[in-house]
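Q: Could you show me how to read the main features of a protein model, one at a time?

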Amino acid sequence: MSEPLVIVGNGMAAVRLVDELTRRALGRYAIAVVGEEPRLAYNRVLLSSVLAREVSQSEIELKAAGWWRDRGVTTLYGNSATAIDPAIREVRLANGATLPFAKLVLATGSRPIRLSVPGMDLPGVMTFRNLGDVAAIAAAVAGGKKAVVIGGGLLGLEAAYGLAKARAQVSVVHLMDRLMERQLDVHAAAMLKQAVEALGIAVHLHAETAAIRGQGRAEAVVLTDGREIAADLVVVAAGIRANVDLARSADLAIDRGIVVDDHLQTNRHGIHAIGECAQHRGICYGLVEPAYEQARVLAGHLAGEQATYGGSVLATNLKVSGVNVFSAGDFLGAPGTEQIVFSDAGLATYKKLVIADGRLTGAVLFGDTADGLWYLDLIRAGASIEAFRDDIMFGRALAERIQLPERSHAEAAPAAGTELSARSGVAAPAIREWEDGLRQAC
């Protein structure tokens, strides 16, 4: 008889877990997936594309209804799990029903952070986390209205891009000194700012929100320096917080997220957590790829394999506001590391590789990200790159001599108008000249 396995959450992590587990041990578990949203799981990374009307809602669906049926999975969407009783191994739903489990996986994701400032509860103040939010934002912004996005991280810029494509007048308010400071260095972030502003989006850095002003609904965002930015709509994208509400009902160990071990198991036997709600070795990743890695490991563990999760190398490989960006590992460069930097202002391309002890430890790419996944593999492997260090900046094809013939140093040199430098902590003159020009352009 199949063991009952309940997965709470119908996001990207849950889909990957079911996919991996049914590949390994189809029939071993009677799987039920409980989802709060009233729809099949979808790709949240493409929410901005839905808002921009570049794709439809149906196009971002991860798996069709038939896929779930073929694997014998019971899908309970539009249902909220309200409590867990670990003693009798049951999950209670909001409609009063209960689900027994032998194994339970929490993939409850995260909640958007709402700022503790006056006016946050006014009509016209929204978040950007799901398709329901997208529909509400699209309706509110119709007719070329003014929208202010609070937050210049990945989610905020995706919201701004979608709004701009929907013909809203968009301003981004960001507390930090650069956009996407968790994924990009100063140079790449400055180039991204230029690209965002080229879309007609106003960017305000070092800008802290003091309040949202309005009579009956949002009318302006007030900054701590006294400035006001007019708004018909305010989208709050100031970060996320692990959704641990359900975990509390089972007295699970909680810090910033649900604490799990290397088997993605909580302090309660047979209860696991993956994705944005999970905290492993002190880290809540909040990114898709670590969630997929966790799902793969947990599927192996549940299938009886010797599978453990040792953590993930942080990496971002996305199109942000229409521009390809990639970063991984120690992309800022810790003291004592060496940095190789390549830039081509004309092609809006920037690459920085960070090397320590003959190994690639970090990378940030802007514009041309074709070799990003190769760099990520090198970072994860931790092997020496000395054999192809001189060519590594020019990508896998040249470095590994697979697709291109052996070339002289003159032939392998960058084209006119590009700059290449190696540095350790201090920028080379060419990079300083490029940076000065970029500051002037900004």
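Q: How many helices and strands does the protein chain have?

A: Before counting, note that this is a predicted model, in which local features need pLDDT of at least 70, side-chain atom pairs count only at pLDDT 80 or more, and totals for chains, interfaces and linings use all residues. Residues are numbered from 1 along each chain as its sequence is written, and side-chain values use heavy atoms, leaving out hydrogens and water. Helices (H or I, at least four residues) and strands (E, at least two) are DSSP runs numbered from the N terminus, and the protein chain has 12 helices and 26 strands.

Q: Why is the protein chain described as being as compact as a globular protein of that length?

A: The radius of gyration is taken over C-alpha atoms, and the globule rule is 2.2 Å times the number of residues to the power 0.38. Here the radius of gyration is 24 Å, close to the 22 Å that the rule gives for 442 residues, so the protein chain is as compact as a globular protein of that length. Its C-alpha atoms fill a box of roughly 70 × 60 × 40 Å along the principal axes.

Q: What share of the residues is buried?

A: Buried means under 20% relative accessible area, exposed over 50%, and partly exposed in between, with a 1.4 Å probe and protein chains only; buried residues make up 51% of the 442 in the protein chain.

Q: How do strands β21 and β22 run, parallel or antiparallel?

A: Two strands pair if DSSP finds at least two bridges between them. Strands β21 (residues 315–320) and β22 (residues 323–329) are joined by 6 bridges and run antiparallel. They form a hairpin with 2 residues between them, and Ser321 in the turn has a positive phi of about 50°, while Val320 stands opposite Val323 in β22.
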